[in-house]
Amino acid sequence: MRTIMLALCVATGVASANNSVQLGDGKIDGTKLQPYELSWRQCRLLDGDWVASNNLTERLIVIGDDVLRVQQFSVLPDGGSAVTTTYLDRHSLAPLRLERRMTAADGSERGSAEHVLTESGYKGRVAQGDKTKQVAGKANSTMLHGNVMGLPLATLDYQDQPLEFAASMISFDATYKVTASWVGRENLDFNGTKVEAWMVDVHWVHQEIGDVYPGGPDESGGRYWLVQNPPDGFPNVPRYKTDTYAVEFVPGVCP
């Protein structure tokens with residue numbers, strides 16, 4: 001899902017040096033995640049009003065014992081479509097491979113991208129029309145992938161202190177120092193049943209250029225609503241919201 005991240009204390013958004021997570025250290029456990037296919041509404045803030053955008057459908061599939069595939073699909077306003085596929089290590093949720101396909105309404109391909117990640121960086125190719133270029137960068141498989149970052153956070157227990165980790169957004173060729181703060185709980189209504197979600201504010205620092213995206217639902221870093229053990233038909237990440245964008249499974253922000 002879009003995914004966008006705090007330490008010394010929650011009030012200042014500065015991270016505690018002794019509360020961190022690294023992929024493969026056992027804190028994140030992707031085997032807790034169960035397969036699903038669900039749809040979220042998306043909206044954006046334009047001229048002070050929330051305006052509905054296209055829906056987002058996300059599928060999680062288990063491949064063998066060691067890989068998870070997360071596929072996000074949306075139909076664009078002009079009738080085209082976008083499909084983003086992320087392959088993750090099933091246990092640590094380390095990103096292994098990213099794919100993206102953009103098609104026009106007539107089914108022709110507008111563009112594509114493929115990236116393979118290792119511990120030392122990534123390599124791949126990006127194509128648009130008849131032009132293709134090879135790309136490489138330092139974002140790697142030891143960093144959480146920002147586009148699906150809510151899923152690994154949802155496998156963690158409620159954290160009493162801010163949690164620090166590394167993340168990347170390969171579409172921006174960017175790496176981040178991220179701090180997540182568990183700031184409370186909210187009951188969400190699902191078919192007449194209350195589902196408790198944990199609210200997690202995420203504060204990002206862009207490592208290459210130093211830009212800061214503060215955590216919180218009315219800030220550019222955003223807030224996740226997370227459910228560690230959701231009921232059938234309900235996602236681990238029912239909502240993510242920033243000051244200008246929201247994606248949600250249950251009504252609350254989008255018209």
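Hi everyone, and thanks for coming. Please keep in mind that what you see is a predicted model.

Let me start with the rings. How many aromatic pairs does a search of the whole structure find? It finds nine. One of them joins tyrosine 176 and tryptophan 204, in an edge-to-face arrangement with 4.9 Å centre to centre and 85° between the planes. Tyrosine 176 belongs to strand β12, residues 174-190, while tryptophan 204 is in strand β13, so this pair ties together parts that are 28 residues apart in sequence. And are these two buried or exposed? Both tyrosine 176 and tryptophan 204 are buried.

Staying with strand β13, which spans residues 193-206, we also find aspartate 201 there. Aspartate 201 has a relative accessible area of 9%, so it counts as buried, the cut-off being under 20%. Its side chain has a partner, too: a polar contact of 2.5 Å links aspartate 201 to the side chain of arginine 223.

Other arginines turn up over rings. Arginine 185 places its charged end over the ring of tyrosine 158, 4.1 Å from the ring centre. Likewise, the charged end of arginine 239 sits over the ring of tryptophan 225, at 5.0 Å from its centre.

Now for the second largest pocket, with about 230 Å³ of space. Its lining has 15 residues, and Gln34, Pro35, Pro230, Pro231 and Phe234 lie nearest the centre. By type, the lining divides into eight nonpolar, five polar and two charged residues.

Conventions:
Residues numbered from 1 in each chain as written. Predicted model: local features only at pLDDT ≥ 70, side-chain atom pairs only at ≥ 80, totals over all residues. Heavy atoms only, no water. Helix = DSSP H or I, 4+ residues; strand = E, 2+ residues; numbered from the N terminus. Buried < 20%, exposed > 50% of the residue type's maximum accessible area, 1.4 Å probe, protein only. Polar contact = N/O pair within 3.5 Å; in protein donor to acceptor, adjacent residues only side chain to side chain. 1 Å grid on protein atoms, 1.4 Å probe; cavity = no way out; pocket = protein on both sides within 12 Å on 5 of 7 lines; lining within 4 Å. Points joined across faces, edges and corners; volume = space filled by probe spheres on them. Nonpolar A, V, L, I, M, F, W, Y, C, P; charged D, E, K, R; others polar. Phe/Tyr/Trp six-rings, centres within 6.5 Å; stacked < 30°, edge-to-face > 60°. Lys NZ or Arg CZ within 6 Å of the ring centre and 35° of its normal.
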